[in-house]
Amino acid sequence: MQYYAASGWTKLAGTKWRDGSALSGVMRTRTYGFERAYRLTRRYPRSSKVLQHGVLAMECLFPVVYLAGGRLTRPMIGAAGGFHVANAFVMGLGRFMTAFPAMHPMIAYTTAPRTLPAVAGRDDRMVRTALVLLAGGVTGAAVLATQRRARAVSGWPMSRTVTTRCGNVLQYDTGGRDIADRPVLVFNHGLASTSEHFAWMVERLAFDSGQPVVTYSRAGYGPSRRVKEAAYSLRESVDDLEDLIRQALPEDRRVVLVGHSLGADLNRRAAERLGDRLAGVIYLDPTHPGQLVRSGKQKKGSELFTDSLKEMARWTRLGCGALMARPRWVDDLPYPYREKVFSLYTDSRLWTAARREWEVVRREFETFDGELDPVPAPGLVIAAQVTVDIDPEQLLMYHDIARSHQAAGRYGGVTVVERAGHDSILTDARHARTAADLMAAFVEEHCTPRAPADAAAPAGGLPAGRGKPEKEDEQK
């Protein structure tokens with residue numbers, strides 16, 4: 001019974017089973033395909049769709065066999081048995097024709113009314129026990145999801161908020177010292193990511209070097225709320241970023257925009273709006289708006305990524321985030337950030353926001369046919385070696401981004417971090433610190449005006465941010 005229900009609800013989550021195209025696709029495969037059946041599905045698409053929906057209904061509703069006092073036992077067992085016989089002849093799954101029906105007598109026994117002499121001595125306590133355990137598991141999952149949601153939407157002790165022109169409420173954190181003439185690094189995270197992914201870099205730059213930094217979550221991610229009711233557009237995120245900088249920092253303070261993946265592309269779009277306040281732009285394994293047109297690997301991967309985002313958004317909304325395994329990269333982050341990042345990762349808000357962004361990004365990227373606009377500021381692209389090794393076209397696009405800064409008569413370059421991947425360039429301490437050192441050198445050389453002496457002002461120059469973790473936390 002559990003197999004049928006699990007199989008049915010898993011199929012129901014897939015788009016192809018719902019729109020009736022799954023059977024035709026299966027019949028085309030070399031492993032399970034059957035040419036004659038495939039032709040029939042193409043000739044009679046409506047009948048094929050009805051058949052698929054019938055299979056879904058049988059599998060998803062199979063547990064109701066226990067709710068009708070045995071009246072549904074024969075129809076459900078008959079439908080399931082016929083399903084396995086058909087699979088044996090059409091898909092070659094002969095073992096299924098004997099393996100699964102071997103369990104049907106047990107279903108018949110357990111669903112028969114207690115009034116029948118054949119089952120008069122049956123002990124039904126196991127059913128009630130299973131229901132109690134199921135209810136306990138659901139309750140526990142709900143409590144865990146509530147705790148994680150509370151952790152996900154809560155900020156750090158010194159977090160602050162700004163309200164943008166769109167009505168969105170962005171939460172941000174600051175760090176480092178207010179060093180005279182030193183630009184502030186504003187970090188913009190990637191798709192389905194968090195601002196805490198920059199933890200190693202922030203610790204290296206702000207805590208070790210005193211470099212002033214700002215990290216924030218885009219609207220809909222973590223503690224930042226998306227209030228705007230109109231359809232999402234990339235311009236909304238660009239507007240939010242501009243408003244954050246203008247409200248969170250003094251008017252005369254210059255900034256260096258630092259972005260990973262999609263965050264890097266959003267920074268590039270916001271660059272021209274900042275005028276003289278923009279001191280530079282740093283791209284961490286960035287997204288290129290032409291990648292779905294120029295790269296076959298990116299195009300193919302985008303289709304899988306689209307389906308994955310839909311599934312993650314759907315299942316986490318249903319509370320299945322409590323069942324998610326803890327990814328290894330979470331434990332690669334500094335200790336104080338791990339539980340919060342995992343809570344964000346299992347929360348539906350992150351996946352819903354990512355899906356909303358990706359739907360717009362994909363439509364725009366698939367039609368990109370132009371050149372990048374020049375950016376009138378120094379630029380540095382820090383690439384991950386694994387990314388460019390897997391797809392050499394990515395390296396060419398990274399050079400395009402760098403040239404968009406050269407076209408304006410300013411510095412541009414591409415540096416590759418050895419052995420780093422698209423995500424591990426942030427989450428792996430070694431790669432993140434290497435990238436942070438490259439960033440610090442770039443800011444010192446190209447984004448900081450020359451002065452006779454760099455005098456550090458009092459720490460109150462910037463709003464207080466989250467501090468360096470306690471030693472005992474680091475040792476954990």
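1. First, some ground rules. This is a predicted model, where local features need pLDDT of at least 70, side-chain atom pairs count only at pLDDT 80 or more, and totals for chains, interfaces and linings use all residues. Residues are numbered from 1 along each chain as its sequence is written, and side-chain values use heavy atoms, with hydrogens and water left out.

2. Searching the whole structure turns up 8 aromatic pairs. Rings of Phe, Tyr and Trp (its six-membered ring) pair if their centres lie within 6.5 Å; planes under 30 degrees apart are stacked, over 60 edge-to-face, and the rest tilted. One of the pairs is Tyr 4 with Phe 62, tilted, at 4.6 Å centre to centre and 40° between the planes.

3. Tyr 4 is in helix 1 (residues 2-13) and Phe 62 in the loop between helix 5 (45-60) and helix 6 (73-90), so this pair ties together parts 58 residues apart in sequence. Helices here are DSSP runs of H or I, at least four residues, numbered from the N terminus.

4. Are these two buried or exposed? Tyr 4 is buried, at 3% relative accessible area, and Phe 62 is buried too, at 0%. (Buried means under 20% relative accessible area, with a 1.4 Å probe and protein chains only.)

5. Ring pairs also join Tyr 4, Phe 62, Phe 96 and Phe 100 into a cluster.

6. Now the charges: the charged end of Arg 326 sits over the ring of Phe 342, 5.3 Å from its centre. Likewise, Lys 340 has its charged end over the ring of Trp 156, 5.9 Å from the centre. The test is NZ of Lys or CZ of Arg within 6 Å of the ring centre and within 35 degrees of the ring normal.

Key. Helix = DSSP H or I, 4+ residues; strand = E, 2+ residues; numbered from the N terminus. Buried < 20%, exposed > 50% of the residue type's maximum accessible area, 1.4 Å probe, protein only.
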